[in-house]
Amino acid sequence: MRKWFVTWAAIVMVLVLAMPVLAQTPTPNEINAVARELWCPLCNGVRLDNCELQACIQMKEVIAQKLEAGESTDQIKAYFVTQYGDIVLGQPSREGFNLIVWLFPVLAAVVGLGWVTYLVLSWRKRQGQIGSAGGAPTSASATRRPGEEPDDYLKRVERELRESE
Amino acid sequence: MTENAPLTINDTQDSGSRPGRKVPAFAIVLGLGVLFLGGLLILMLIKPPQKALCDEAAPDLSLALFPEYTGGWTGETISLFDLRGKGVVLNFWASWCKPCEDEAAALEAAWRKYKDQGIVFVGVDYLDQDPAAKRYLEKFDITFPNGPDLASKISKRYAIRGVPETFFIDPQGTIVGCRKTGPLGDAELVQRIAEIMP
Amino acid sequence: MTDLGYIAILLAFLLCIYGIAVSVLGATRGRSELVASGRNTVYVVGGLVTIAAALMWRALLTNEFNNEFVATHSERALPTIYKISALWGGQAGSLLFWTFLACIMAASATWFFRREQASLKPWVNAVLLLYIGFFISLLLFAENPFNRLWITGAGEIAAGVFQPAGATALVPADGQGLNPQLQNYWMMIHPVALYLGFVGMTVPFAFAVAALITGQLGNTWIKLIRRWALAPWAFLTIGILLGSQWAYLELGWGGYWAWDPVENASFLPWLTATAFVHSIMIQERRGMLKVWNMVLIALTWELTLIGTFLTRSGVVQSVHSFALSAVGPMFAAFIIVTSLAFLGLMVWRLPKLKSENTLDAVMSRETSFLTQNVIFLLIMAATFLGTIFPSISELVMGDKISLNAPYFMRVNGPIFVALLILMGIAPLLAWRRSGPETLRRNFLLPVIAGLLSIPLMFALGNRNFAGFVGIATLIFVFAGIVQEYVRGVRARMTATHEPLPAALFNLVRRNGRRYGGYIVHIGVLLIALGIIGNEFYQLEGEANLRAGESITVGDYTLTYTRLDAVDGPNFTEFTSPMQLSRGGRDVGVITPKKHIYFKNQEQPMSEVGLRPGLLEDVYVVLAGWEGGGQTASFKVFINPLMSWMWVGGIVMMLGVLVSAWPRRTAVTADATRRVPGGAQHV
C-alpha cells in the first residue's frame, strides 16, 4: 500500500514540477505558423513572418504570448483584425464594396465562357439548318472515316516530303 | 495590291464608306470600357489631397483607454464630446516609432504642468501592440489618458500618414492650426497650448 | 559634354514629328521619296538616341556628379558593372534606356522588312516614330536625365539643364549610391529582357495598325510579324522568370512571386501576348478570329504602357515602384488617345475583319483556341482588378485594404488549372471537327496516364488535394505531347524508313512550329511543377542558434559554425558557413550571407545560401545575429521541385528557337502562296 502511495506521490510531484517546462515558450516555428497567415499592416505585400519591422516583431511577440496562453490560430487572427482591421488578412473582406473584387472574376468567367458556349451552339444550329450536303466541308480532315485516321500523321509526312522535292 | 499606289481612303471595295453604318455592340462596349478605364487611371492620378484638417471641426473620436492609463478619467472610453470646454492635445504615437520617443518626455511634462489649467492630453496608439505599448508608456512614465486605436478607426478619420502627429483642439472642438507632424519640442508645445487655453 | 545628349534627344524629338508627317503624307499621296525619308528618319532618330544613351553611360562611368541622375544613383565606390546598370536604376535613366531599346527595335524592324510590303511600311514607320517620340517627350518634359545640379544665389539646390540666373554649378564629391536591392547580377539582365519584351510589342502593333489603315487584312501582316511577336513574347517570358529568380535568391522569403503590383504589370501583357501568338495560328489556317487578334495585339501593347504607368506614376504602392512623378498624366493621356484611335480604326474596318469560316463543332481546335483567348483575358482582367482595387478602394471608401497573394492564388489558381487542362486538350483535337473515334484515339492514353498518377501519388505518400489535381493535370498534358511526338515519329519512320534519331530530327525540323510549340508547352509544365512544389510542399523552419547548435527541417540538418565579416567595395559582407547534413550523412557546406551597405545601413541585403537539387532546394537565410555572432538566427526552407522552374524556362526558350527557326521553304517571299485545297499545314 505504501509503495503505491509513494509511487503516485512521486508521479504527481514530477508532473507538478514539470508543468512550467511543459508550458514552454513557443518556438519560432510555431510563431511563424501563425505569422504566415498574417500580413504586415504597415508595409505593402510583406507577410508577417518575413517582416523585420519593429511593429512586426512586436506582433510576433504577442503571437508568442497568445500561443503560450493556449489560444488557437483563428483566435489570434481575430484579435489582430480587431486591433488593425482587415488589412492584416492579406485579402479583402467579403462584404460591402469589397464584394466587387470577389464577384467580378466569377461574373467574368460566367459571361466569357457563356459567350463561347453560345457562339458554338448557335453555329452548330446554323450548320444543321444549312443541311448536310451543301454546306458540309469536304476537306479530308473533316470527313475522316475511322479506318483512315492512323494515316493522318502519315499523310502529313508524305505531304511534306512531296513539297520538299 | 500595287506597291506604290496612293492609298485611297474611300476604298470602294469595303463598305465602310456607307454613311450611317451601325457600330456593333461590342465596339461600343469596348469604347466605354476604354473610357471607364481611362477615367480610373486619371482618378488614381488626381488623388484627393490628404484631408488637411486645418482650422476645422475636429472629427469625433471614441477611444477605449488602457485600464492603467486613464489619466484620472472615469469611464472606459473617452470621446471628444466629453472633453468640450477643455483644450485637447491629441497625440498619435506608436511604441515602434523612434521619433515618438523624442517627444514623450516633453508631452508628459506639459501634461503635468497644464492639467489643472483645463488642458487634456490624449494619446492614441497607432497600429501597435498592447505589451509593447505598455512597456513604452511605463518607460516614459506617462500618466495622461492613452488607448489603442482599434482597427485604426480614429487614425483614418484624422487621415494619419505616419507617427508622431499631434492636433491641438480648442475648447469648442475646433482644430487650431494644422496638424504637427514629427516630434514636438518644449517651446513649440507651450506656444501651441497657449492657443487652445480655455 | 553630357549636355550634347540633351540636344540629341531634342533633335530626335523634332525628327520624330517630321518622320510621322512625312510617312503619312508619303503614304496618302503616293510619294515614295517621302516614304523613304520617313524610313531614314527611323535610323537617324535611333542614332541620336544612341548618342544620348552613350553620353549618359559615359557620365556614369566617369563619376560626373554634377549630373543630377548620376549624383543620385551612383557613387565612386560602385563597381563598374553596376555603374552601367545604374542607367536603369532610376526613373529618368530607365526611360532613356527604354527609348534607346525602342530605337534599336525600330531600326532592326525597319531594316529587316526593308524589302517587304511597301504599302504597309509608311504606316509602320509612323507608329514606331510616334512611340519613340512619346517616350522622348517624357524625357524632355517630365523626367530629364540630363539635369545638372546648381546652387542658386539663395543657397538652395536646383536641378535643370540650363544654368539658372545667379547660380553656380554644384559638383558633389560623391554620389548617393545605388539602391542596394539593385546591386546584383539580375539587375543587369532582368530589366533589359523585360524592356525588350515591352518595346518589342510595338512592332506587331505597328503592323496591325498599318493593316487596318491600308485595309490589307488578309493573312499577310500576320505571317510577316509572327516571329516579331514571338521574340518580344520570349523576352517577356525570360524577363518574368529572371525577376522570379531574383526574388527567390535575393529577397529571402522562400518564394519567387508576390503578386506585387509591378510584378503584375509585367504579367498582364504577357497573358494577352500568349493568347495572341496562339490566336494568330487560327487566322492563318482558317481566317477566323481576326477581330480577336486585333484586340489582343492592341491590348498587349496598351498593357505594356499601362504596366509601366502603374510602376512609374506612383499610383500603386510597391517595393518596385519609382517615386511619384509627372509622367503619370502623360502616360494616361497617351494610353487613352491611342486606345480610342485604334478602336475607331477597327470599327471602320470591321467588314474586312469578318471571319472566313465558322466554328464547326464544340470539340474542335478552333473552339479551344477561342476558349483559350477568353481564359487568358479572364486571368488578365482578374489580375488587373486585383492590382488596382486597393487604390480604387482608397479613393471610394477611404479604406486601405490589402490584396496580396492569398487573393490572387484563390482567384487565379483554378483558372490556371483550367488553362493547363486546355493546353493538354487542344493539340489532341482536330481542326473543324473531331469525331468520337478521333476523341477516343487521342484522349485515351493521356487521360489514363493522368488518372493513374493519382493512386501512384497516394502510394508515394501525397495527401495534398491540390497536389493530386496539379500533378494529374501535368501528367495528362505531358502524355498528350509525348503521344504526338511518338505518332509523328512513327509515321515518318513508316514513310521514309529513317532510323529513329533521324526521324525525330527531321520531324521537328520540318514541323518546327508544331513540335517547337510542344517543347514550349513542356517548358510550361516544368514551370508548373516548380510552382506546385513550392506552393504546396514547402517546409519552413526558424531558429536562434549558438555556435555548434543545429536546426532540422525535413530531412536536413544545418549547424551554425561561425560568423565572418569581410569588406567589399561598398559594403560589409557577413557570411555564415553552415554544415549541412541529410538523414545523418554529411552533405557539405551551405553559406548564407548578408550585405550591409556603407551608404544604406538600414537596407541590409540577404544573399540566400542555396543548395539546389532536382528533387528539392535547401534554402537558408541569415536573418540576424547578436553579440558579434554569439547567436545567430536563421530561416530555412526546403523547396521541393523548385529547380524545375528554371529548367522549364530554358526549355521554353529552346522551344521558341525551334518554333521560330527560319525554314528553307521561305515564308516571306511567297507569303500568299496557297497550298491547293485551301488547307495550309503547320
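How many bridges join strand β1 (residues 148-151) of chain C to β3(C)? Two bridges join them, and the strands run antiparallel. The model described here is predicted. This briefing covers chain C as a whole, one pair of its helices and one of its sheets.

**Chain C overall**
- Chain C contains 19 helices and 15 strands.
- Its radius of gyration is 27 Å, close to the 26 Å that the globule rule gives for 682 residues, so chain C is as compact as a globular protein of that length.
- Along the principal axes, the C-alpha atoms of chain C fill a box of roughly 80 × 75 × 55 Å.
- Of the 682 residues in chain C, 62% are buried.

**Helices α1 and α6**
- Helix α1 (residues 3-29) of chain C and helix α6 (residues 121-141) of chain C have axes that come within 8 Å and cross at roughly 155°.
- Angles over 145 degrees count as roughly antiparallel, and α1(C) and α6(C) are therefore roughly antiparallel to each other.
- The crossing in which α1(C) passes α6(C) is left-handed.
- In the contact of α1(C) with α6(C), 19 residues are nonpolar, six are polar and none is charged.

**The three-stranded sheet**
- An open sheet in chain C is formed by three strands in the order β2-β1-β3, with antiparallel pairing.
- β2 (157-160) and β3 (168-169) of chain C are the edge strands, each pairing on one side only.
- Trp150(C) has Ala169(C), in β3(C), as its bridge partner.

Definitions and conventions. Residues numbered from 1 in each chain as written. Chains lettered and ligands numbered in written order. Predicted model: local features only at pLDDT ≥ 70, side-chain atom pairs only at ≥ 80, totals over all residues. Heavy atoms only, no water. Axes fitted to C-alpha atoms, helices over the stretch in contact; angles between N-to-C directions. Helix = DSSP H or I, 4+ residues; strand = E, 2+ residues; numbered from the N terminus. Parallel < 35°, antiparallel > 145°, perpendicular 65-115°, else oblique. Left-handed = near helix turned anticlockwise from the far one by under 90°. Nonpolar A, V, L, I, M, F, W, Y, C, P; charged D, E, K, R; others polar. Pairing = 2+ DSSP bridges. Rg over C-alpha atoms; globule rule 2.2 N^0.38 Å. Buried < 20%, exposed > 50% of the residue type's maximum accessible area, 1.4 Å probe, protein only.
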